[in-house]
Amino acid sequence: MRPFCVTVPESVEEAVRVLAKWGPEAHVIAGGTDLLVEIKEDRRSPKVLVDISRLDELRQIRVECGVKAEAGAETGRECKRTDEGEGDVVWVGALATHAEVASSPVVRKAAPLLAEACAHVGSPQIRGRGTVGGNISTASPAGDVIPPLFALEASVDVEGPRGVRSVDVESFFVGPKRSALAPGEMVLGVRFRELGPNHVSFFRKLGQRRSLAISVVSVAFAARKVRPDAFDDVRIAFGAVAPTVVRARTVEKALCGKRLDPVMARQISRLAFRDVMPITDIRGSQAYRQEMACNLLYEGLLDLLSGSPAAGARGG
Amino acid sequence: MDESRWVGARVARIDAEDKVTGRLKFMSDLSFPDMLWGAVLRSAYPHALIKKIDTSKAEAMDGVVAVLTHRDVPGLNGFGIVVPDQPVLCADKVRYMGDAVALVAATTKEGAREALQAIDVEYEPLPVVDDPEEAMLESSPRVHADGNIHHHIKVERGDVDAAFRDAAVVVENTYYTPRQMHAFMETESGVATIDEDGNITVWCGSQHPFRDQLQIARALGMNPRKIQVVSTPAGGAFGGKDEITVQIYLALLALRTGRPVKIVLSREESVVAGMKRHPMKIRMKTAAAADGTLLANEVRVVGDTGAYASLGGPVVNLAIEHSCGVYRMPNVRLEGFCVYTNNGLAGAFRGFGANQVVFALETQIDMIAERLGMDKLEFRRKNALRQGDVAALGHTMTASVGTIATLDAASRCEIWARREELKAMPSAPHKKRGIGIATELHGCGLGVGLPDYGAATIELLPGGRFAVGVSCPEIGQGNTTAFAQMAADSLGCSVGDIVMVSGDSRHTLDSGTSTASRSVYTGGNAIRSAAARMREILADVAAEALGAAREEIAFGRGGVEVRSCPAGAARRLSYREIARIGEGKGRHLKAEGDFIWPVADRGLEGYFGLPHLIYSYITQVALVEVDTLTGEVEVLRAVSIPDPGRAINPAGIEAQSEGGVVMGMGYALMEDTVIEHGITKTPNFSTYIIPTALDAPEIETIIVEEPEPSGPFGAKGIGEAVCVPITPAITNAIHDATGVWITHIPATAERVYMALKEHA
């Protein structure tokens, strides 16, 4: 570990200024649950840590009633869903901790799958320190916060020397541990349209144990229930089975509008193998991960069909 | 005197308050004025020749006080409990990634680590030997000059071939077990100090201060009396601190610099350099008659001991001894190999060779029972050794035998008695439940051929309390509390009146290791012996002071009285008063006691440590739920039924039992130090997976007492057995749930899933 300086900016503008000045030698730190490990192991040796933990405006979780994503001007993306009217937009600040998101009434109502995912990150200690912005910025394909954001079709607000921009979440992740953040940019937060009253969702995670587990495979699912056994507006994302989190568009299409029984659910879940491209590592083989992507989705669908509450991964 | 006022009571651990408040200082917490930080340069290759070591750049660095290599080892450049084949600092060859090549002492921890990088070592890489079976071939590269087979054991009794010929059922399988890590909370760490006369004190958590003292002395070429070793407290050990860890490095650096030196291994360094459980490949062929009588067992064990011997030979010996478990087995052919490779180090680990073979055997037993359509518990009961039976190695089971009692208790426990009902209620349709059972016996002490001995001291302190010294270190198992309880009852005082002195080579007598399920039995017997002598001394002093005859002195609570004297008369002396009288007369009121272990009626020539006379017994039952879509196994409930002879402290037994169940569960389902081509792939706790509190099942401990007449208050050891049969109980439960036999542990979700797929 090399010595480093810590600077504690009072505003986002100041943070961005410092980041721009030091370029790759600077690194944002919030909870530090990923970064400090990398520094300790000499995988990163920043000279300046920009501690943004005092920027309280980034800690907020709020509802932005019926408005378009204001920072979404660049993409001009409308959050409107086809036939359901305009739901509220929810903004989760980058400094919101996993524990705060997991217990936030706003998130639990608007996007239960995101609350569920945050409830299964690491351990109570890690959830108390680690932040949503950190999980996104680290850009691990196994980051548990990310698949729900894909399923929510969220956008990521970032600020840099050239101002604020909003990046569609799928475009934000470029590769393993690589994001679209330009030099000098930092994540401000994420925004997404709340799920409608007829929407159901789940997040499931397969780890090597029930806590302090890095996902071997994870899946996030959101869809509108049009009948007890059929969905549309299906959005599915998988974690840890490709260089980035990926949407499962083959499965989404196949599921849309189909009447499901367990056999059909199984068959369609198996299509997930077309959407994922896992590798073998110390946590699991490529073949196992591929099958688990299918089976986690299937387990989740079975729960939805049986009417039991959308159970996520076990753990804590 | 009330002989068991404290023994058998749920006494709070005497170290509990200091531990939960954080007041207790472990050795890695100690600091001394002017202290330096030490660091160890480890090998860059799993197998290589050293061509040159140049330390000049490191020596020139600011803050670096000393850089040591093999040239600076004054005595024998080697250590090892059985054979000193591990270099203190490698001279011409490295044999694993954890091999130490040089030491640095510097004024800061960071400075010491940076200096390591400035040491220039030129290597010539050699082919890596990483498969134990291949290592045994004559054509394989040699890890050591004498060849890669460090130890070979072969035991044959009866007519195995005839038994297989006549048997109704024969099952034969190959089992694989993982390289489990001790995963103690405190890594190998400590401090050495040196005084102006050159006397060295090594403060380092370990399992046998007196042997450490001798090993350090041998490497330093120094009179052992000039070296003090303080081993208590250790932040966990489990066998992983039985061998020398950093003690010699600390002593060498203190000797060279004349200053205190501290070394704390990082977790990653500990994983790479430290001891592990032997991975074993076990071929087992077991036969039974149609009526369910076991007839024969043929076993071949190959254990991967890694680069150096340490206790690898004895571990394989004990694997052979435990490979027929609790059963009458008239015909056996048992063979074990302990093999050198470049895969890390393997040595002592709670269970000491039994975990591997009991997993294999208890799976075989379930298979045979199933083939014969017999109840698995009844099958075990039918074949279990009783007192007076001849065991597989040919010795007679003369000591207490608890198998039947623990099986009886298992048959009554809820998850066994209601197993069909519990099985029928999985939490989801795609999940399946099963119940498994397994049992074992576990040798206590060092066995035949290794004289096992212990000693204790008792001293009456000025305030009337007793200092009780037993060197077997407190490694977290709670032995000091048990010692205090036994001492209190032996002296007729309260636990609060006992001050335990533990794990210190200067202030205690040698009572041997805190290993081998031996310390409570050994230390307790030594305390009983010392207490008897102490009472004689106290009676002498009291008789003289009270003007009574020695025979008239009786011991009561907290003191003595004259027997014939009417109650209430002033002819009673408290221990505090006796202490004052002794002090007045300049008499040092101190007694020593000792104890030598009894041994089995028959040894095995050439195989030290075999067999044992005294065994602890345990049966464990597990209820699991298997997710057939992911292969995940959840252990819902576990019942642990140990026979400790006599529970000195039932709360202590429960703590051991619960910790053991979780450790054995980690072995069954998760834990493996993966080494590929000599390189560790799981160097920390994000890749080496151990169970967390959320993974632990609900654990019930039912203590069954079959008193051991030779034990203190009837006690025998329990520290190891508690983590052994739970492993096959879980894998047998997986079979009960799914029909799949697990022969390769850990049964990770992926392994179970793939096995289910193959089975379907």
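The side chain of B:Asn684 makes a polar contact with the side chain of B:Ser686 at 3.0 Å. This value, like the others in this report, comes from a predicted model. B:Asn684 belongs to the loop of chain B that runs between β29 (679–680) and β30 (698–701). The residue has a relative accessible area of 16%; because the cut-off for a buried residue is under 20%, B:Asn684 counts as buried. When neighbours within four places in sequence are left aside, the contacts of B:Asn684 are B:Arg267, B:Glu268 and B:Val271 together with A:Glu41. One of these contacts, A:Glu41, lies in chain A.

**The interface of chain A and chain B**

Across the interface of the two chains, three salt bridges are found. Polar contacts between chain A and chain B amount to 12 residue pairs, with both residues at pLDDT 80 or more. On the side of chain A that touches chain B, helix α12 (residues 286–306) gives the most, with nine residues. That side of chain A is made up of eight nonpolar, eight polar and 10 charged residues.

The size of an interface is often expressed as the accessible area that is lost when the parts come together. For chain A and chain B the buried area is about 2300 Å², and 50% of it falls on carbon and sulfur atoms. Chain A contributes 26 residues to the contact, and chain B contributes 26 residues.

**Strand β16 of chain B**

| Partner strand | Bridges to β16(B) | Direction |
|---|---|---|
| β7 (residues 149–157) of chain B | eight bridges | antiparallel |
| β15 (residues 294–306) of chain B | 10 bridges | parallel |

B:Glu335 in β16(B) has B:Lys154 opposite it, and B:Phe337 in β16(B) has B:Val302 opposite it.

Conventions: Residues are numbered from 1 along each chain as its sequence is written. Chains are lettered from A and ligands numbered from 1 in the order in which they are written. This is a predicted model: local features need pLDDT of at least 70, side-chain atom pairs count only at pLDDT 80 or more; totals for chains, interfaces and linings use all residues. Side-chain values use heavy atoms; hydrogens and water are left out. Helices (H or I, at least four residues) and strands (E, at least two) are DSSP runs, numbered from the N terminus. Buried means under 20% relative accessible area, exposed over 50%, partly exposed in between (1.4 Å probe, protein chains only). A polar contact is a pair of N or O atoms within 3.5 Å; within protein, one must be able to donate a hydrogen and the other to accept it, and residues adjacent in sequence count only if both atoms are side-chain atoms. Contact means heavy atoms within 4.5 Å. Buried area is the accessible area (1.4 Å probe) that two parts lose on being put together, summed over both. A salt bridge is a side-chain nitrogen of Lys or Arg within 4 Å of a carboxyl oxygen of Asp or Glu. Ala, Val, Leu, Ile, Met, Phe, Trp, Tyr, Cys and Pro count as nonpolar, Asp, Glu, Lys and Arg as charged, and the others, Gly among them, as polar. Two strands pair if DSSP finds at least two bridges between them.
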